[in-house]
Amino acid sequence: MASRKQKIVRWIFAGPVSFVNAILIMMGMAVWFPKGTAEVDNIVLPLLLFPLLVVSIFLYAVLDRKLSRMVGVMLALLALHAVILARHFAVIGGG
Amino acid sequence: MFSFQKIETQKLLAIHGWSGVTLGLLLYAIVLTGAIAVFADEIGEWSAGRNAEHHSAFEYRIAPIIRHLATKTDPKYYEEVALNTNATGDLIAFFHTHVKNENNTLEDYGVWFKVNPATGEVREQHEGTGDEVFAQDGESALSRFLVDMHVQLCLPDPWGLLLTGILGVAMMVAAVSGFIMHKHLFRDIFTLRKHRSPLLAKRDIHTVAGSWGLPFAFILALTGSFFSFAGSVGLSMMAMVAFGGDREKLIERLRGVPPAENDTPAQMTNMDALIADASTRTGIAPDFVGITHYGRADANLTTVHPSTDGSIQRWSFEYSLAEGTFLQEKPRIGKTPSLGSAVLDFVGPLHFGNFAGLLSKAVWFALGFSMCYVVLSGLNLWLTRRAENPSWRFLGRFAVVIGNGLPLAIVGSCFGYFLSLLYGQPARWTPIGFVSIAVLIVLGGSLVKDVQRLKWSLQLFTMFGLVILPLLRHLTGGPGWEQALQTGNVMIPALDVVLLMGGAFVLHTLHKQGALPQLIPFISQPALRGVK
């Protein structure tokens, strides 16, 4: 049985962390997703995928049997897109 | 369906239940208003008593009308002109520019005209923001209110859109968790154990209706939350990343890169010829025409047409209005065809159900109603299992009030609309009609002790409302069936009949449950037996 502490951690990751993760992935996709011929694919497709991202990440966070693995995957996704975005903003901020 | 241990199945069941219980009633409101809003155009024609001979304002010669309106408009509003047909078949022309509002976001601002396309007579003229001036169109007030209820629950921007986006995500969570927790999905969708316990029978009906409607629920939730999130915060977030926060640049990219600026004044060519050319290409008149930089050498005209020949795609063509030449078939977004544009071509029709005319709309309407049943029956199952717990009884009463009260409040908005046709300001009185009835329902819900009696009373009032509406429509100046059919408007008698059938269905349901003798004292049991 999961302890109370483990349950709290899981619900924090399934709730707010999932949502923030989905937002960062959506914004990060604007950087790494191919722009396509009309240069709109990297804007439209992440927006369309956003609800799917929220649901998928939420369900993954709830259902992964190993809490430590779930926390690791979630933090890795979060860190990856935070770095992509930070680097992107540093580049466009620096002209 | 999927192999889960008991603990995962329990978690999925909890997610499925809680997502339905916490947001189920709001979700019900969104789905019900959405099912009705599928027929928003038809409701507009029905409520405004539209003469179907005026099918589209673009079937008339509108070029002289636009030239005349331009002389009455400050040239600073020539930046864009949006043209469409309203519920009565009048031409709506909105000459506008873009201004920053108090939230520092760009907003349309300009002069709005409502014109009889046959005579060119200007029926109304207003100046203000896009939201303000379009709200002045009283004849479209009812359909606009129903759509607004569905899109943002009549809440201010961006909160309404955010809420409906979250509800869309909750619907997806409920649908996906409901799908994957089935061990035997294909057996479950054909299982109806009517003769076992009532609770089991209810659960089976919920499972069967939910499972069959699952792909539909998923598509609606995905496309709906896309519209909500993109419109509220998504575009601003993407603008922050892709355009350094410049939302205007992002919109420009999505609409297609504009041609090189040339502000030299120029004579406009005959836009009627361009619209006729576009109509010939698709076989159908446009439902929207947009003009940029009216009166300049770089003026462009874009037509948007409904889908035809079973195609899901809407058509759009771009012309040079200054030179009178065809420029290109325009993708939905961007300057050239792209994956994003191709995907978006499907998103709108899949959400609105308007890809195959009335047939697809009827299917979407029916599936919407079945989803309402799934949401309410799921909630009832949850509450039945906890019937012994007093703290859940309040939610049970609340579910009865919302579940049966919302259709009645929507009927109330129709009453508000039609009565205001006699005294003016339908845009104001339509929501007032809704709110007034909703307040009475809530008062009744807190005063009537017997929940079953409360439920039946709300259904009885809804029945009366549905039956009276066609008569009220006619008494407040709407055309009769003969007159409507003479002018080719089938929608007026058709919707009247649908309302009468709806009333008859509610009456039949009440009769079947034996509710009538308890609600209406003069209907005694012997009398009913005599009828039988």
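The crossing of α1(A) and α9(B) is right-handed, a label for a near helix turned clockwise from the far one by less than a right angle, with anticlockwise giving left-handed. This is a predicted model, in which local features need pLDDT of at least 70, side-chain atom pairs count only at pLDDT 80 or more, and totals for chains, interfaces and linings use all residues. Residues are numbered from 1 along each chain as its sequence is written, while chains are lettered from A and ligands numbered from 1 in the order in which they are written.

**The helix pair**
- Two packed helices are described by the angle between their axes and the distance between the axes.
- For helix α1 (residues 4-32) of chain A and helix α9 (residues 214-242) of chain B, the axes come within 9 Å and cross at roughly 40°; axes are lines fitted to C-alpha atoms over the stretch in contact, with angles from 0 to 180 degrees between N-to-C directions.
- That angle makes α1(A) oblique to α9(B), since under 35 degrees counts as roughly parallel, over 145 as roughly antiparallel, 65 to 115 as roughly perpendicular and the rest as oblique.
- Met27(A), Ala30(A) and Val31(A) of α1(A) meet Met237(B), Met238(B), Val241(B) and Ala242(B) of α9(B); a contact has C-beta atoms, placed from the backbone, within 7 Å.
- By class, this contact has seven nonpolar, no polar and no charged residues (nonpolar: Ala, Val, Leu, Ile, Met, Phe, Trp, Tyr, Cys and Pro; charged: Asp, Glu, Lys and Arg; polar: the others, Gly among them).

**The wider interface**
- Chain B gives 34 residues to the contact and chain A gives 27 residues.
- On the side of chain B that touches chain A, the largest share, ten residues, comes from α9(B).
- The residues on that side of chain B divide into 21 nonpolar, nine polar and four charged.

**Chain A**
- Chain A has three helices and zero strands, where helices are DSSP runs of H or I with at least four residues and strands are runs of E with at least two, numbered from the N terminus.
- Of its 95 residues, 38% count as buried, with 20 or more other C-beta atoms within 10 Å of their own.

**Confidence**
- The predictor gives the complex an ipTM of 0.91 and a pTM of 0.86.
- Chain B has a mean pLDDT of 86, and 93% of its residues reach 70 or more; pLDDT is the predictor's confidence in each residue, from 0 to 100.
- Over residues 527-532 of chain B, pLDDT stays under 50.
- Where pLDDT is low, the predicted coordinates should not be read in detail.

How values were computed
Buried ≥ 20, exposed ≤ 12 C-beta atoms within 10 Å, placed from the backbone. Contact = placed C-beta atoms within 7 Å.
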